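Please report on the structure shown below.

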Amino acid sequence: MMINAWLQSIGLLILRVSFGTMMLAGHGLDKLLHFGQKSGTFPDPLGISSIFSLGLATFAEFFCSILVILGLGTRFAAIPLVVTMLVAAVNHHAADEWKVKEPAVAYLVAFVVILITGSGPFGLDRFFRFRGQRKV
């Protein structure tokens with residue numbers, strides 16, 4: 001039973017780090033570095049303005065991805081990522097064929113799993129949780 005729990009913990013670590021890194025490097029970094037250029041043309045699927053939509057997507061895809069990778073505030077950091085990927089899959093890519101929509105759905109599923117499970121024992125969440133429980 002101990003080996004099974006260890007393997008599950010390794011699986012959560014791989015899921016967090018791989019999907020967090022792919023989101024950060026493949027989407028968030030580009031949005032952050034080219035924010036000014038993208039701000040006027042970024043899609044506005046929620047009708048809140050292009051720049052505000054870009055700001056929310058950048059926050060989720062860059063900053064929240066870093067937190068997920070580190071396993072710090074993991075469940076809270078996963079929420080904006082879930083919402084962003086839900087909007088991308090259901091709203092922005094609604095009329096697209098499956099192969100265009102599929103990456104957003106794959107990210108959505110991964111971040112929902114992370115939201116449900118948390119960081120696992122190999123994240124900073126565990127360090128801070130235990131640190132706060134120590135008696136001096």
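## Salt bridges and burial

K31 counts as buried, at 12% relative accessibility. Here buried means under 20% relative accessible area, exposed means over 50%, and partly exposed lies in between (1.4 Å probe, protein chains only). This is a predicted model: local features need pLDDT of at least 70, side-chain atom pairs count only at pLDDT 80 or more, and totals for chains, interfaces and linings use all residues. Residues are numbered from 1 along each chain as its sequence is written, and side-chain values use heavy atoms, with hydrogens and water left out.

The side chain of K31 meets that of E61 in a salt bridge (2.7 Å, N to O). E61 lies in helix α3 and K31 in helix α1, so the pair ties together parts that are 30 residues apart in sequence. Helices are DSSP runs (H or I, at least four residues), numbered from the N terminus. E61 is buried too, with a relative accessible area of 5%.

A search of the whole structure finds three salt bridges. The term requires a side-chain nitrogen of Lys or Arg within 4 Å of a carboxyl oxygen of Asp or Glu. Side chains of opposite charge can pair when their charged atoms come close. The table lists the pairs.

| Pair | N to O distance |
|---|---|
| E61 and K31 | 2.7 Å |
| K38 and D30 | 2.9 Å |
| K99 and E97 | 3.6 Å |

How accessible are the residues of the other pairs? K38 is partly exposed, at 26% relative accessibility. D30 is also partly exposed, at 31%. K99 is exposed, with a relative accessible area of 62%. Its partner E97 counts as partly exposed, at 49%.

## Helix α1

Does the length of α1 agree or disagree with its residue count? At 1.5 Å a residue, its 32 residues should span 46 Å, and the end C-alpha atoms are 44 Å apart, which agrees. The expected span is 1.5 Å times one less than the number of residues. A kink of about 40° is centred on L24. The bend at a residue is the angle between axes fitted to the seven residues ending there and the seven starting there.

L24 is also one of the buried residues of α1. Others in that set include S9, L12, L15, R16, F19, G20 and M23. G28 and K31 belong to it as well. Their cover includes α2 (35-38), α3, α4 (74-92) and α5 (98-117).

## V105 in α5

V105 sits in helix α5. At 22% relative accessibility, V105 is partly exposed. V105 touches A89 and W98, leaving aside residues up to four places away in sequence. Contact means heavy atoms within 4.5 Å. V105 and F19 are 86 residues apart in sequence and 12 Å apart in space, C-alpha to C-alpha.

## A nonpolar surface patch

Which residues form the nonpolar patch on the surface? They are L29, L32, L33, F59 and F63, with about 460 Å² of accessible area together. The elements giving two or more residues to this patch are α1 (2-33) and α3 (50-70). α1 gives the most, with three residues. L33 is placed in α1 and is exposed, with a relative accessible area of 58%.

Patch residues have over 30% relative accessible area and no salt bridge; nonpolar side chains (Val, Leu, Ile, Met, Phe, Trp, Tyr) are joined within 5 Å, and like charges within 9 Å. Accessible areas come from the Shrake-Rupley method with a 1.4 Å probe; for residues, only the protein chains shown count as cover.
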